[in-house]
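Subject: The structure you asked about

Hi there,

Here's the structure to open up on your screen. Have a look around it, and then read on for what turned up.

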Amino acid sequence: MAVLILTVLGGLGLTITWLFGDFYLKQKLEALSFEANEISTQLAKVPSWSGRLNLLEQLRITSGTQLVLLDPEGNIILMSGSITTQEQQNVIEWHLGGLGGSPISGWSRNLRPSDFFTKTYLEEVLTGKTISIQALPVNGGAQTMLLAAAPVGLKPVQGVVLLGSSPIPIQESIATFRRLILYASLIAVFLATVVSLFFARQVTRPLALMQRGATRMAKGDFMPIMGVASNDEIGELAEALNSMGESLKNHMEWLSREKNLLQGIIEGISDGVVMLSCGGTILYANDSAKGLWQENDVEIQERKDQIVKFLQTMVLSNNPLENFATISLGIQVLQVVMAPMADKEGVGGHVAVLRDVTASLRAEKSRREFLASVTHELRTPLHLIQGYLEAIQDGVIPKDQQEEYLDLVFEEAKRLARLVHDLQDINRLEQGQISQPIAIDLESFMIDIEQRFQGRAQELSVNLEISKTSGELYADPDRLLQVFINLLDNALSHTPSGKTVRVFIVLEQNQVRIAVQDEGEGIPKEALPYIFDRFFRVNKARSRKDGGMGLGLAIVRQIVEAHGGTIKVESDMGKGTTFWIELPRIPSLPTSC
């Protein structure tokens, strides 16, 4: 509005002052021409110059106008009147000899009309024409003058009446008028600005409040908009925004409750839940699903790519609306159930539920293998025992050989006893049945271990290195010995000739760390999580040949955990395996039954 007012008033002022100045100059020149013609007409009626001079002395010239009477040669005959006030001294060098005279150095005077009247103008007037001009001084300068020249007499012209007037009063009037317009424009702009600010504040303040309120609502803050109390459209808009905010708040709270409930259900279930788009891109996965392709919060890209590719294949297939399949990840088996997510436009995606059925399948498989192994292990010695005894009873075996066959029967009976004993051990350990721990001298204990296994190591051409540490450990010595027997027996059996099996102990303030390390073929990475499970065998063919049933490491873990300790395994294929056991020096054990 300020720019508009300045533009309108400024343009109007410039236009008016330009028209006014041009009009006034034309009027002044016309007035000078008329007055010059009147004077020249009166002078032409007087025949003598003396009479003409007397007539000029009697004439009254307009204020601010100077009259100069020139002869036909341009020489000044008479000059009367003045075009300047005492305050306005327009100085120019004085020329002798009329229009073409030379200046007198050091002399100066006020400007005269003759100073602006050139020979060209004189020649034009001598032809009998009256002229009016706005001229510059003959000898240069920035000052202008309004001139009117009329001839005295005709054919021949006896003289020239020259009237001059300064345009300075006109210019001062125009400048004054321009200043008035400028002051009026500034006052108008100031008043318009104040009024505009007042009305703009009345309009923009509630709009700003509503804008800030809408911004808060967009960020989730649904506090009502305060400070807008008008009864116009703006007030109605504020009420509508507050009503919308309240409705959004209630809706968001309901959605949040529903989301938390649904997320709690999804995150609480043990099955993996994966939401996929129509193109097969994963949109959401709960923690159980992420655990399928993560290990210690580190993503295993190969497993994730395998699962995603399998799910994408199910999404893009033309199977029925509900799909069922299984996927194997190494030794892990996942059962996948997929269902479509329907929306108004059709199928908006798919939800897949991934259930790890490895444990149940392994348990079922272990149960079948256990039954088969137990049946086999029981049937073979029982058949041998039954056959040998029937042969002895029937007299088929000579008496001198009966003792040898009785020894075989005895060995088979002891094998059955060991099997039953291992199963009983596992059962007792699972029930927490263990003897009260006593103080064990570790140095003596490790010497006993070395003596027990040094002979076996020499038979297998394996180096056995056992470190000896002084100190005490509270534990069940028989159970601890059973741990070393199982671990060292496995280590020696799986270590090639010329390699080394090491046992070392690290004695700390509150615990003892024991390591059994071999340089054998190692354990596959996918088998490590299940190495301590009952009936789990990495090399089933070798275990059967050696008569093992996958119970040794399960017993070891049960004994270590019964002492309040932990056991873990580290293995690299082709480099060997290390079993780490951590036992508290003074364990808190349950009372034996």
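In which helix is F177 found? You'll find F177 in helix α4, which covers residues 168–218. Before going further, please keep in mind that this is a predicted model.

**A nonpolar patch on the surface**

F177 belongs to a nonpolar patch on the surface, together with L12, I16, F20 and Y24. Taken together, these residues have about 420 Å² of accessible area. Helix α1 (residues 2–45) is the biggest contributor, giving four residues to the patch. As for F177, its relative accessibility is 31%, so it counts as partly exposed. The cut-off is under 20% for buried and over 50% for exposed, with partly exposed in between.

**The core**

In general, nonpolar side chains in soluble globular proteins tend to be buried together. Here, the largest nonpolar core has 44 residues. The ones with the most contacts inside it are F445, I449, F484, L487, L488 and I581. Helix α11 (residues 477–493) gives the most to this core, with eight residues. If you'd like a place to start looking, pick F445: leaving out residues up to four places away in sequence, F445 touches I440, P477, L480, L481 and F484.

**Salt bridges**

Side chains of opposite charge can pair when their charged atoms come close. How many salt bridges are there in this model? The count comes to nine.

One of them joins the side chains of R355 and D271, at 2.8 Å from N to O. R355 sits in strand β14 (residues 346–356) and D271 in the loop between α5 (233–268) and β8 (272–276), so this pair ties together parts that are 84 residues apart in sequence. The two partners are not covered in the same way: R355 is partly exposed at 42% relative accessibility, whereas D271 is buried at 13%.

Another salt bridge runs between R502 and E465, with the closest N and O atoms 3.4 Å apart. This one links distant parts of the chain, since R502 is in strand β18 (residues 500–507) and E465 is in strand β16 (residues 463–466), 37 residues apart. R502 is partly exposed, with a relative accessible area of 26%, and E465 is partly exposed too, at 40%.

R502 also meets E519 in a salt bridge, at 3.1 Å from N to O. E519 lies in the loop between β19 (511–517) and α12 (540–546) and R502 in strand β18, so the pair ties together parts that are 17 residues apart in sequence. E519 counts as partly exposed, at 26% relative accessibility.

Is H350 buried or exposed? H350 is buried, because its relative accessibility is 12% and the cut-off for buried is under 20%. You'll find H350 in strand β14. Setting aside neighbours within four places in sequence, H350 is in contact with V274, M275, L276, S277, V315, M338, A339, P340 and M341.

T578 is in strand β21 (residues 576–584) and is buried as well, at 9% relative accessibility. Its side chain makes a polar contact with the side chain of Q517, at 3.3 Å. Apart from neighbours within four places in sequence, T578 is in contact with A515, V516, Q517, K568, V569 and E570.

S461 has a positive phi of about 60 degrees although it is not a glycine. S461 is in the loop between α10 (442–459) and β16, and it counts as partly exposed at 42% relative accessibility.

Q263 is partly exposed, with a relative accessible area of 34%. Q263 and N286 are 23 residues apart in sequence, and their C-alpha atoms are 8.6 Å apart in space. Leaving aside neighbours within four places in sequence, Q263 is in contact with G268 and Y284.

Happy exploring!

Note on methods: Residues are numbered from 1 along each chain as its sequence is written. This is a predicted model: local features need pLDDT of at least 70, side-chain atom pairs count only at pLDDT 80 or more; totals for chains, interfaces and linings use all residues. Side-chain values use heavy atoms; hydrogens and water are left out. Patches are made of residues with over 30% relative accessible area and no salt bridge: like charges are joined within 9 Å, nonpolar side chains (Val, Leu, Ile, Met, Phe, Trp, Tyr) within 5 Å. Accessible areas come from the Shrake-Rupley method with a 1.4 Å probe; for residues, only the protein chains shown count as cover. A salt bridge is a side-chain nitrogen of Lys or Arg within 4 Å of a carboxyl oxygen of Asp or Glu. Helices (H or I, at least four residues) and strands (E, at least two) are DSSP runs, numbered from the N terminus. Buried means under 20% relative accessible area, exposed over 50%, partly exposed in between (1.4 Å probe, protein chains only). A nonpolar core is a set of buried Ala, Val, Leu, Ile, Met, Phe, Trp, Tyr and Cys residues joined through side-chain atoms within 4.5 Å. Contact means heavy atoms within 4.5 Å. A polar contact is a pair of N or O atoms within 3.5 Å; within protein, one must be able to donate a hydrogen and the other to accept it, and residues adjacent in sequence count only if both atoms are side-chain atoms.
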